[in-house]
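I opened a new page for this model today. My notes follow in the order I looked things up.

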Amino acid sequence: MAQIFLDTAKLDEIREAASWGVLDGVTTNPTLMLRAGTADLKTNTLEIVDMVQGPVSAEVLSTDAGGMIEEARDILSWADNVYVKIPTTAEGVKAMKEISSWPNGRINATLIFSPAQAYLVARAGADFASIFVGRIDDAGLDGMEVVRQTCAIFDNYGFDCQVLAASIRHTTHVVDALLAGADIITLPFGVLRKMIGSPFTDVGLERFLADWAQVAGK
Ligand code: E4P
């Protein structure tokens, strides 16, 4: 079954989504921290961990392997369900190879734009491969095709690494990612809201209640 993660650092959005009972995890990044108005990654992450039992991803800021490894050592010590987000660069892959050898080496490989990148992070021991569907589409390419190809490649070789569809812009992306066989979809709160919302459901419910009021003579 595909897991649903929330793509935000805003605690009120996470609290609301968690109350629906369908939230499996959370992903943050430096831009989402900016939107949430906090630079205190540890406090924000631990407040999210208090609300969500599943994977909570926090991103390193270093660009060299040594710096990423040091940050990862700290981030992974915060809680057992915290995953460290590592950018998919040459230095990032080096860091992933090291971190994946640790007993608590939980890795979310981020900023992936091709199945070739996804293959390398899976080889380096990442747990999640985050494919930026919306940003690939922005470049005039087919982001969901990258998800489909990555799912096929991971199936071909039996990788444990999970395909995470990220940079989701609308509910059609969600449906297409489910059809493509993505293991995880991380989406903004606005898209989650649109997934549940339908004007037809609202109209139908209104009519049911009106009809019932009529028959019950209220
Ligand atoms: C998730 O892990 C990514 O950081 C996020 O989905 C990026 O989304 P954006 O392309 O909307 O910034």
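Predicted model: local features only at pLDDT ≥ 70, side-chain atom pairs only at ≥ 80, totals over all residues.

**Entry 1: what "exposed" means here.** I needed a cut-off before anything else: buried means under 20% relative accessible area, exposed means over 50%, and partly exposed is in between.

Ala 90 is part of helix α5, which covers residues 90–99. I also checked a distance from there: Thr 63 is 27 residues away along the chain, and the two C-alpha atoms are 9.7 Å apart.

**Entry 2: the whole protein.** Next I stepped back. I counted eleven helices and eight strands in the protein. The C-alpha trace spans about 75 × 40 × 30 Å along its principal axes. There are 218 residues, and 47% of them are buried.

**Entry 3: the ligand.** Where does the ligand sit? I found the ligand in the largest pocket.

Which residues are around the ligand? My list reads Asp 7, Thr 27, Asn 29, Lys 85, Phe 132, Arg 135, Ala 166, Ser 167 and Arg 169. I sorted this shell by type and got two nonpolar residues, three polar and four charged.

For Arg 135, a polar side-chain atom is 2.7 Å from a ligand oxygen. For Asn 29, I noted 2.8 Å between an N or O atom of the side chain and an oxygen of the ligand. Arg 169 also has a side-chain N or O atom facing a ligand oxygen, at 3.5 Å. How much of the ligand does the protein bury? Taken alone, the ligand exposes 350 Å², and the protein buries 89% of that.

**Entry 4: Lys 85, from the ligand shell.** I picked Lys 85 out of the list of residues around the ligand. Lys 85 belongs to strand β4, residues 82–87. Is Lys 85 buried or exposed? I get 4% relative accessibility, so Lys 85 counts as buried. I followed its side chain too, and the side chain of Lys 85 reaches the backbone oxygen of Thr 28 at 2.9 Å.

**Entry 5: Thr 27, also from the shell.** Thr 27 is another of the residues around the ligand. I placed Thr 27 in strand β2, which runs over residues 25–27. With 2% relative accessibility, Thr 27 goes down as buried.

**Entry 6: two positive phi angles.** Some background for myself: most residues other than glycine have a negative phi. I wrote down two residues with a positive one.

Ser 167 has phi near 55°, a positive value in a residue other than glycine. I find Ser 167 in the loop between β7 (162–166) and α9 (171–180). Its relative accessible area is 12%, which is under the 20% cut-off, so Ser 167 is buried.

Leu 111 sits in strand β5, residues 107–112. How does Leu 111 score for accessibility: buried, exposed or partly exposed? I read 31%, so Leu 111 is partly exposed.

Ala 58 is in strand β3, residues 56–59. I put Ala 58 down as buried because its relative accessibility is 0%. From Ala 58 to Leu 23, which is 35 residues away along the chain, I have 17 Å between C-alpha atoms.

Ala 165 lies in strand β7. Ala 165 has 0% relative accessibility, so I count Ala 165 as buried. I compared positions with Gly 134: Ala 165 and Gly 134 are 31 residues apart in sequence, with 9.4 Å from C-alpha to C-alpha.

Notes: Residues numbered from 1 in each chain as written. Heavy atoms only, no water. Near = heavy atom within 4 Å. Polar contact = N/O pair within 3.5 Å; in protein donor to acceptor, adjacent residues only side chain to side chain. Areas by Shrake-Rupley, 256 points an atom, 1.4 Å probe, with all protein chains shown as cover. 1 Å grid on protein atoms, 1.4 Å probe; cavity = no way out; pocket = protein on both sides within 12 Å on 5 of 7 lines; lining within 4 Å. Sits in = over half its atoms within 2 Å of the grid points. Nonpolar A, V, L, I, M, F, W, Y, C, P; charged D, E, K, R; others polar. Helix = DSSP H or I, 4+ residues; strand = E, 2+ residues; numbered from the N terminus. Buried < 20%, exposed > 50% of the residue type's maximum accessible area, 1.4 Å probe, protein only.
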